Amino acid sequence: MDSRLPTLFLLICKEQQEHDIKKLAEKMSVSTRTIYNDIKKLNELLIADNHEEIKIEKGKILYTEIISSSFEMLTNLDFDYILSHPRIRRLRLLTEVLMFEDYFNVDDLIEKLPLSRNTIISDLKWVKEELTFHHIELHSRPFTGYKVIGEEEQIRQLLTVTVLEDPLLFEGKPKEDIYLKSAEKLLEMCGDELKVTLSDSSYDRLKIIFWVTFKRIKAGKTVQVTGSNTREEKLFLKKRTQFEAETHLSFSHQELVYLAQKFIESSFIHYNDELTEQWMDFNLLTDSFIKDVSKLSQNDFFIEDTLLYEGVMNHLRPAYHRVMSQTEMKNPMLDYVKASFLNLHENVCSGIKIIEKELSVNFSDDEVSFFTLFFIAAIERKKMCPTKPKKIIIVCDSGVSTSQILRSKLEVNFDVQILGTLGKRTAGDWLEKNEVDLIISTIDFEYPKIPSIKVTPIVTDEDMKKLYFKLNRKKEKIEMVEIMKIINQSVSLSEKQRKKIRTDLMRYLRVTEPKNKENGVYQPMLIEVLHQGLIQVNSKAKTRDEAVKASGELLVKNGLAKESYVDGMLNNVKENGTYIVIAPGIAMPHARPETGALDIGLSIVTLEEPVVFGHPQNDPVQIVVGLCAVDHQSHLKALSELVEILSDEEKIKKINKALTSDEIMTIIKENVI
């Protein structure tokens, strides 16, 4: 059920106060149209329980009836009451129509829904219009009945939307709850294995997608999709036994790939791994995109913001897959973005064209506005001045883009240390093992003995008043130069002592070194990080691991990485598969910086004999490029220059034929100098 409905019920039907539609929309970070739709849903519940409906006059709401029942009691309605509602009745009818395996008639529908024949025949006209709008046909045959004809993916998509629109579908249906519980268990299992945390809204949507899939499989319907050999697909296929044991259904290869693809399209609060298909393209495009928006907006600090890069990078993959599968994702904060940051949003729309061109996609305005939220958050972070904070967590049901703007608002205005952003499902478990001073939530959430404040994602004036009572306001920006002047006036220190005190104070006060505003994050050129000592020709490596190790050992030998980094490279390949094979005959193994990276580095190893890495299209490999990076951005210029060289088939042939490292360096210099 929509998490806004209980809140609206309390505000409108319990407080007997006048409310402004526009202010309610701002408070809940949605459009006014969404509030109007929510009130329609509430009215259906109220009328079904013999209460007055909510009336709106000139954008104002005042509900005078005193209702003693709770929202939970309101939703626990008799089946006959529910079916007396035109909207819910039609949604139920549409759901049942989409669930039939073959031909059905009006009598079949009467068995499912205790409605009159005339009502069903009348509502079938609406059903037919809805199906037609979604490119699905309700075919009728004399003396036989009706049959739904259309692409299985389209049918499932409409069924998912219909179920999500019906807040009371699963009330009093324990059999359906069994499939829902199975969906929950399988989602938790897959999330844990992939080390990701789904946003609450994505979790709820995926749960229904799983439920719909289980029902369609049971009805003998199959989906046809093309796999991409992603790590999600590999995991889902690996877990076939668990899927079948949990649901008592038989899952084909196609069905598991379909569910994996829907998982990829979802938004995450936490995403713990960057190594996916097209990882290098996404990295380079993210860097170019941020630079373009920075130039258009004349905000150089975008380039320096690591959280901005990470946010855009992690959001790009699901956004890309949603576009490819024609899955729409509405952004409830679109109106806020356009009203408050129109110029920035237009710059993001312009900047994102480089991604659209390279990936051959077109993002909707809703999708682009999710990206804009990351830049808004970066602007808020720019205003931030570090102080000793209260420890808090954010609990929300939205994805990382929506939660980041709340996070930035809090960091700008208050002395807080945000330990994490969690969904309602995971917050309780996290709090059992960790300590915080305060919980700030965009949904109804409480935890014993820890104070909590409920706010909207954009933090309205009303929210700010509540927060000022619990949190300290942000102090003036801390200038390390001034602090060191004061210290130097009182004591005599050596340069070494001054550096140590400065470093310790900066760590304690969470002050960062100022960066060069003209250059942002420094990105060295390829010839600055690659030299003959990082090149090995005609390596005798016979296996994938030997080839990866050879590229890593060159990095270690040149002081760019520790031995542990080579182990990280090998583990990365084992855990994440063959994504490192970036092009035919070329692999680029690497690991996370924390496994032992010391500096930016690239190594090149050519193999005497090609080696099979296990990639379905790009095997065998003859060139191995070892990559070492200390952050997300500083290596990207050198990497993009190398990628340009390796995109030239003639240069690849020359590199493979080279007998010395000097010959390969000559080829490199011809391209970059």
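**Close-up views of a predicted model**

View 1. Cys396 is buried, at 3% relative accessibility. Cys628 is buried as well, with a relative accessible area of 0%. The model shown here is predicted. Searching the whole structure for disulfides gives 0.

View 2. Glu152 and Arg156 join through their side chains in a salt bridge, with an N to O distance of 2.8 Å. Both residues belong to helix α9, which spans residues 152-165. They sit 4 residues apart there, so about one helical turn separates them. An α-helix has 3.6 residues a turn, so residues three or four places apart point the same way. Glu152 is buried, with 11% relative accessibility. Arg156 is buried too, at 1%.

**View 3. A salt bridge between two buried residues.** Lys262 and Glu265 meet through their side chains in a salt bridge, 3.6 Å from N to O. Lys262 is buried, and so is Glu265. The structure contains 24 salt bridges, this pair being one of them.

View 4. Lys454 pairs with Asp444 in a salt bridge; their closest N and O atoms lie 3.0 Å apart. Lys454 belongs to strand β11 (residues 452-454), while Asp444 lies in the loop between β10 (438-441) and β11. The pair therefore ties together parts that are 10 residues apart in sequence. Lys454 is partly exposed, its relative accessible area being 30%. Asp444 is also partly exposed, at 43% relative accessibility.

**View 5. A salt-bridge network.** Glu152, Arg156, Arg216 and Glu255 form one network, joined by salt bridges that share partners. Side chains of opposite charge can pair when their charged atoms come close.

**View 6. The largest nonpolar core.** This core holds 93 residues. Those that touch the most other members are Phe289, Phe302, Leu344, Phe375, Leu526 and Phe613. Helix α21 (residues 365-382) supplies the largest share of the core, 9 residues. What does Phe375 contact, leaving aside its neighbours within four places in sequence? Its partners are Phe289, Ile290, Val293, Phe302, Leu308, Val312, Leu344 and Val348.

View 7. Helix α23 covers residues 424-433, and its buried residues are Ala427, Gly428 and Leu431. They span an arc of only 95° around the axis, so they lie on the same side of α23. Glu432 and Lys433 are exposed on the other side of α23. Which strands do the buried residues of α23 pack against? They pack against β8 (390-395), β9 (416-422) and β10.

**View 8. A mixed open sheet.** The sheet is open and has 5 strands, in the order β12-β15-β16-β14-β13. Its pairing is mixed. The edges are β12 (535-539) and β13 (581-583), each of which pairs on one side only. Strands of a sheet pair through backbone hydrogen bonds, either parallel or antiparallel. β13 pairs with strand β14 (residues 586-587) in the antiparallel sense, over 2 bridges. Opposite Val581 stands Ala587 of β14.

Notes. Residues are numbered from 1 along each chain as its sequence is written. This is a predicted model: local features need pLDDT of at least 70, side-chain atom pairs count only at pLDDT 80 or more; totals for chains, interfaces and linings use all residues. Side-chain values use heavy atoms; hydrogens and water are left out. A salt bridge is a side-chain nitrogen of Lys or Arg within 4 Å of a carboxyl oxygen of Asp or Glu. Buried means under 20% relative accessible area, exposed over 50%, partly exposed in between (1.4 Å probe, protein chains only). A nonpolar core is a set of buried Ala, Val, Leu, Ile, Met, Phe, Trp, Tyr and Cys residues joined through side-chain atoms within 4.5 Å. Contact means heavy atoms within 4.5 Å. The arc is that of the directions from the helix axis to the C-beta atoms. A disulfide is a pair of cysteine sulfur atoms within 2.5 Å. Two strands pair if DSSP finds at least two bridges between them.
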